[in-house]
Amino acid sequence: MKTNRTVLAASLAAAFFVPPAWAADDIQSVVVTAQSRKQLVQDVPMTMQVVTAKDIANVGAKDLADLNGYIPGLTVDANEPTQPSFGIRGVQAGDFGIATDSPVGIYVDGVYTGKTGGALMNFIDVQRIEVVKGPQGTLFGRNSAAGAIAITTNEPGNDLDASAHVKLGKFGRANADVMMNYPFSSTFAARLVAVRSGSEGWADNTATGKKSGGDKDWATRLSLRKDFDAAKLVFTWEHENMEQYGRPAFGVIKDPNLPLGGYRGVYDAAYVANFVNPFDAPLANDQQGTEGRLFDGATLRIEAPVAGMTFNSVTAYRRFQTHNLTDNDGGARPDLYLTTQDAKHAHSFQQEFKLSGKTDKLDWIAGLSFYHNNEHQDAGAYVTTGTLDTLSQFQGGSPNFAMLFGGLAAAGLPGISPNTVFNWDETHYSDVRTRSASIYGDTIWHLTPETNATIGLRYTRDNKSMTWFVPGRVSPQLDSFLNRFGPLAGLDASAFPSNVIFGTAAQLASSPVQREKDWTDWSPRLVLDHKLNKDTLLFTSVSRGYQAGGFNIFTPPNPASTTRTGQDPSFEPEKMTNFEAGMKMALPDIRASINASLFAYKFKNLQDIQLYSVGTLPTYNVVSSDQKAHGLDVDGRIRISPRVTLFGGFEYIDQTYTRYQRLDASGKVTLDLGGQPVGTPRLTAMAGINMNWEYAAGRASVNFQGTHATGQRCNNDTAALSCLSTARLKTGAAMSKFDLRVGWDSPSSRYGVALIVNNVFDQRYITSLGGQTEQYGAPYAYLTPPRAIGVEFRASM
């Protein structure tokens, strides 16, 4: 018996404590380019986190949204992938209009992707992702007021290589990708990657009999690399085609008497008490919806030595088309029918030149960047005459169409009744032309062998030209009916307004109107860093970030007014001032590392868009607010044995408004949130364990990790729906999620299999409650998906 115990103890020791024959991953050895220079991540004096290809595989992530929570402080809202929203340290704008930019810049191989067409694409052969927190103006092609996400893909290599992955799982999940790297010669190579992902969806739509919550996407990338002595040229072509059903909207109103009987601009307790739990009530969207994107991009990158310096050029062209037709009433009632359409198409050109060099005292880089973008947007609101009657009653009026149709039915007209409804479509068209040019520089000055000072400065000039056009509504069936039978009631089609949903905008832009505006900015950066020893780096910094101003696409200009009461469509640039002090420490004796930084910032003129009433009907209005925050970022890892690694991190933040006001049509303040919390959870955290062991039949690994965010901090504006706690549902609560990957690889690592479980404990939450019919008493919810299980197969040369 003692012998058996000894054997068991020896086996466990071998499994967890005997060093493996393969190389251990070490985050300190990761090379990053966040400062436009190749540096070890532990030597970069800024707060940043790196996600490697292995990290992506451990979570089974197909895009940035699947990494939500695993980078504390980074928020990705991808309920609608053609309208994603990104936030860093609580700075997150929700405007889906084309005339504003995101405060978080996203770059793929150095190319700025904007916030819609290419911002949330499938991961295609990704090498690493660098998330840089705080303003970034002197290192990237465009200014980013709150931070940057830099995605680096694999270039063609000099070795023949090929690989393939297939993932099959719950809800009809079927993902696949293939990669082929072929060196035609010692100086010329090509790399071709194709990716396909898709699932049927996890929600049953009882109104249409179809599944919702699924995805379907395929993409390809072809890269060519040519080497010329010390220079290289890389050309990349990308294509993506996404086409899937719209996102599910779970209505929380099931009593047909509630919207008219219980809501008059304020959610009272009796009304809220009748909300149903969306996890228990069936999904019933009368509009299944569609969402899609067609994307093409070409990039040419050149790196060459010039007179002892290094020259880099990035030339990029992007074009895309998106459409997003979604149910926005959360139910299937004809008297509350609302479907919205957001369609965009754009083409952009970018050119960036960089020149860099090193001396004993200086490590410098200078850049020149140009960005041109032309974009068109169609914003459609599709309702029925029954919906218009409901809106009329909300305002104290009468159900005019029902009364008309009832009267005509009483007069003996066949095929008509008070319940008859006709479609009523309105569309708001807008165009924007963006031109941006900047020059910037960043220099690391080696004051001593242990101390550096980094000085950076950027000058930016932005120009935006905006065009609005809101033609009359389109309702041919209604017009035909009225022109035939309306005379019986003394009416014809012209007796009704041309627009109701976009009524005010149509009055101002029934013919195209245009405005143009320029903005300029100087953005500095100053960093001091000092090496206490070879394993400990201290740093402090102050930096400024800037984002150009813009226009509200839903508020055409009124030549008679220049006030900030909803009639002036332009707003000022965003500006952020950020202070930071941090430490990066390696502890080789215990195989550990820890990074920490304290930060504080002030953000002016954050551009956000919200739906609320200025006049009689709710409209989208751009709200510009000032905010401040302070907090702490910490991340670390420790290898407790050669086979077991623990890792984790968290961000604590206290974020409040210093200025936030809503105005009515007369300019009167209707809401003031100054001094109240923005809503960002105080704490977001992640942690995990990675275990692996090697034996004759191959190598096995287990990765278990999770995320947690404390509850949303509510204010006078969001408390009504975002912080509910009733017997039936809760919103704004703390959220957790855990993921598991159990894998096996062959001894040669040429093939393997893995079990991937996302949301291991099937924890479900309401991510938001509101929507475009919130103002009329019919809010709906977005829900996190249930547990998903999949099996992945891998093979390589």
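**Entry 1**

I began with Asp-762, which counts as partly exposed because its relative accessibility is 32%; here buried means under 20% relative accessible area, exposed over 50%, and partly exposed in between, with a 1.4 Å probe and protein chains only. I found Asp-762 in the loop between strand 38 and strand 39 (766-770), where helices (H or I, at least four residues) and strands (E, at least two) are DSSP runs numbered from the N terminus. Its phi is near 55°, a positive value in a residue other than glycine.

I then looked at Ser-749, a residue other than glycine that has a positive phi near 65°. Ser-749 sits in the loop between strand 37 (735-745) and strand 38 (751-758), and with 27% relative accessibility Ser-749 counts as partly exposed.

**Entry 1: what kind of model this is**

I noted that this is a predicted model, in which local features need pLDDT of at least 70 and side-chain atom pairs count only at pLDDT 80 or more, while totals for chains, interfaces and linings use all residues. Residues are numbered from 1 along each chain as its sequence is written, and side-chain values use heavy atoms, with hydrogens and water left out.

I looked up the confidence next: the mean pLDDT of the protein is 86, and 90% of its residues reach 70 or more, pLDDT being the predictor's confidence in each residue, from 0 to 100. Over residues 1-25 the pLDDT is below 50, and this stretch has 29 contacts in the model beyond near neighbours in sequence, a contact meaning heavy atoms within 4.5 Å. Residues 562-566 also have pLDDT below 50, with 12 contacts beyond near neighbours in sequence. Where pLDDT is low, the predicted coordinates should not be read in detail.

**Entry 2: the chain as a whole**

The C-alpha trace spans about 95 × 70 × 55 Å along its principal axes.

Of the 797 residues, 53% are buried, and of the contacts with a separation of 6 or more, 70% are between residues 24 or more positions apart.

Why do I describe helix 5 (residues 385-394) as largely enclosed by the rest of the structure? Nine of its 10 residues are buried, so the rest of the structure largely encloses helix 5. The buried residues include Thr-385, Asp-389 and Phe-394. Just after helix 5, Gly-396 takes a positive phi of about 85°.

In helix 6 (residues 400-410) I found Phe-401, Leu-404, Phe-405, Gly-406 and Leu-408 buried, and what covers the buried residues of helix 6 includes helix 5, strand 23 (423-446) and helix 7 (476-485). Gly-406 is buried, with a relative accessible area of 17%. I also checked the distance from Gly-406 to Pro-779: the two are 373 residues apart along the chain, and their C-alpha atoms are separated by 30 Å. After helix 6 comes Gly-412, whose phi is positive, near 100°.

Which residues does Met-121 contact, leaving aside its neighbours within four places in sequence? I found Lys-62, Asp-63, Glu-240, Arg-293 and Phe-295. Met-121 lies in the loop between strand 8 (111-112) and strand 9 (126-133), and with 12% relative accessibility Met-121 counts as buried.

Ile-71 belongs to the loop between helix 2 (53-59) and strand 4 (74-77), and it counts as buried at 2% relative accessibility. With neighbours within four places in sequence left aside, Ile-71 is in contact with Gln-49, Val-51 and Val-131. Ile-71 and Leu-646 are 575 residues apart along the chain, and their C-alpha atoms are separated by 16 Å.
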